[in-house]
Amino acid sequence: MTYVQAKTTMLIFVVLLTISACGYSPSAKFARNSLGDKISTSVVISAQDPENTVIIKDAVDRAIIEVFQASLVSRALSDTHLVLNMSAPSYVPIVYDVNGYIVSYRMSVSLSIKKFNNGVSKNYSAKGNYDFAVAPNAIVTDQQRFEAIGFSTQRAIRSFIAQVSAEGARSKK
């Protein structure tokens with residue numbers, strides 16, 4: 001073995017050792033420690049805003065599959081069951097143009113999440129915001145409103161994921 005080959009081999013060994021020894025674990029792994037691999041969800045339907053229930057359910061189910069990398073199953077087969085309840089979404093003006101017309105709103109969504117796991121329940125609260133622009137002196141359309149609620153809900157779910165991940169990381173130690 002030549003000097004260059006030995007040096008290259010040693011460098012590769014050091015790089016591999018460094019990467020394998022760093023101990024990095026993605027937050028989804030910690031969340032799975034807390035939630036398990038099989039999750040079921042249900043959303044409490046709001047009497048004032050029933051159409052938003054579908055938006056929330058889709059956002060939660062998407063997060064479970066994409067972020068937690070878990071399976072959606074029926075409640076009878078699940079390791080964890082999540083019950084989500086959304087308070088009435090609110091949007092407030094945040095930017096005005098020079099003529100005093102509203103040109104940007106902030107949508108806020110608050111979720112109450114109850115986690116049932118191994119006969120134990122735990123409550124979480126999560127909040128998400130989303131800013132969106134409108135034409136001056138225009139009415140917020142239902143499409144804009146639904147999209148804003150969807151994005152706000154996704155951010156609230158990310159907040160919940162962070163809480164669950166931190167909980168899973170603490171329980172691992």
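This report walks through the strands, salt bridges and one surface patch of the structure above.

Keep in mind that you are looking at a predicted model.

**How the strands pair**

Let's start with strand β1, which covers residues 38–43. Which strands does β1 pair with? Strand β2 (residues 71–72) is one of them, in the parallel sense and over two bridges. If you want a spot to look at, find I39, which stands opposite L72 in β2. Strand β3 is another partner: β1 and β3 also run parallel, this time over five bridges. Here T41 has L82 in β3 as its bridge partner.

Together, β1, helix α3 and β2 make up a β-α-β unit, and the unit is right-handed.

Now follow β3 (residues 80–86) over to strand β5 (residues 102–117), where the pairing is antiparallel and has seven bridges. One place to check is N85, whose bridge partner in β5 is S112.

Strand β4 (residues 90–96) pairs with β5 in the antiparallel sense over six bridges, and S90 stands opposite S108 in β5. On another pairing, β5 runs antiparallel to strand β6 (residues 120–133), with 14 bridges joining the two. In that pairing, S110 has K127 in β6 as its bridge partner.

Here are the pairings side by side:

| Strands | Sense | Bridges |
|---|---|---|
| β1 and β2 | parallel | two |
| β1 and β3 | parallel | five |
| β3 and β5 | antiparallel | seven |
| β4 and β5 | antiparallel | six |
| β5 and β6 | antiparallel | 14 |

**Two hairpins**

What sits in the turns around β5? β4 and β5 form a hairpin with five residues between them, and G100 in that turn has a positive phi of about 90°. β5 and β6 form a hairpin too, with two residues between them. In this turn, look for N118, with a positive phi of about 55°.

**Salt bridges**

Side chains with opposite charges can pair when their charged atoms come close. How many salt bridges does a search of the whole structure find? The search turns up two.

One of them joins D61 and K57, with their closest N and O atoms 3.6 Å apart. These residues are four apart in helix α3 (residues 51–66), so about one helical turn separates them. Is D61 buried or exposed? D61 counts as buried because its relative accessibility is 16%, and the cut-off for buried is under 20%. K57 has a relative accessible area of 26%, so K57 is partly exposed.

The other salt bridge is between D131 and R106, where the closest N and O atoms are 2.7 Å apart. This pair links distant parts of the chain, with D131 in strand β6 and R106 in strand β5, 25 residues apart. D131 has a relative accessibility of 36%, so D131 counts as partly exposed. R106 is at 32%, and therefore counts as partly exposed.

**A nonpolar patch on the surface**

Finally, take a look at helix α1 (residues 3–21), where you'll find F13. Which residues make the nonpolar surface patch? M10, F13 and V14 do, and the patch has an area of about 310 Å². Why does F13 count as exposed? F13 has 51% relative accessibility, so F13 falls in the exposed class, for which the cut-off is over 50%.

Conventions. Residues are numbered from 1 along each chain as its sequence is written. This is a predicted model: local features need pLDDT of at least 70, side-chain atom pairs count only at pLDDT 80 or more; totals for chains, interfaces and linings use all residues. Side-chain values use heavy atoms; hydrogens and water are left out. Two strands pair if DSSP finds at least two bridges between them. Patches are made of residues with over 30% relative accessible area and no salt bridge: like charges are joined within 9 Å, nonpolar side chains (Val, Leu, Ile, Met, Phe, Trp, Tyr) within 5 Å. Accessible areas come from the Shrake-Rupley method with a 1.4 Å probe; for residues, only the protein chains shown count as cover. A salt bridge is a side-chain nitrogen of Lys or Arg within 4 Å of a carboxyl oxygen of Asp or Glu. Buried means under 20% relative accessible area, exposed over 50%, partly exposed in between (1.4 Å probe, protein chains only). A crossover is right-handed if, with the strands pointing away from the viewer, the path from the first strand over the helix to the second runs clockwise.
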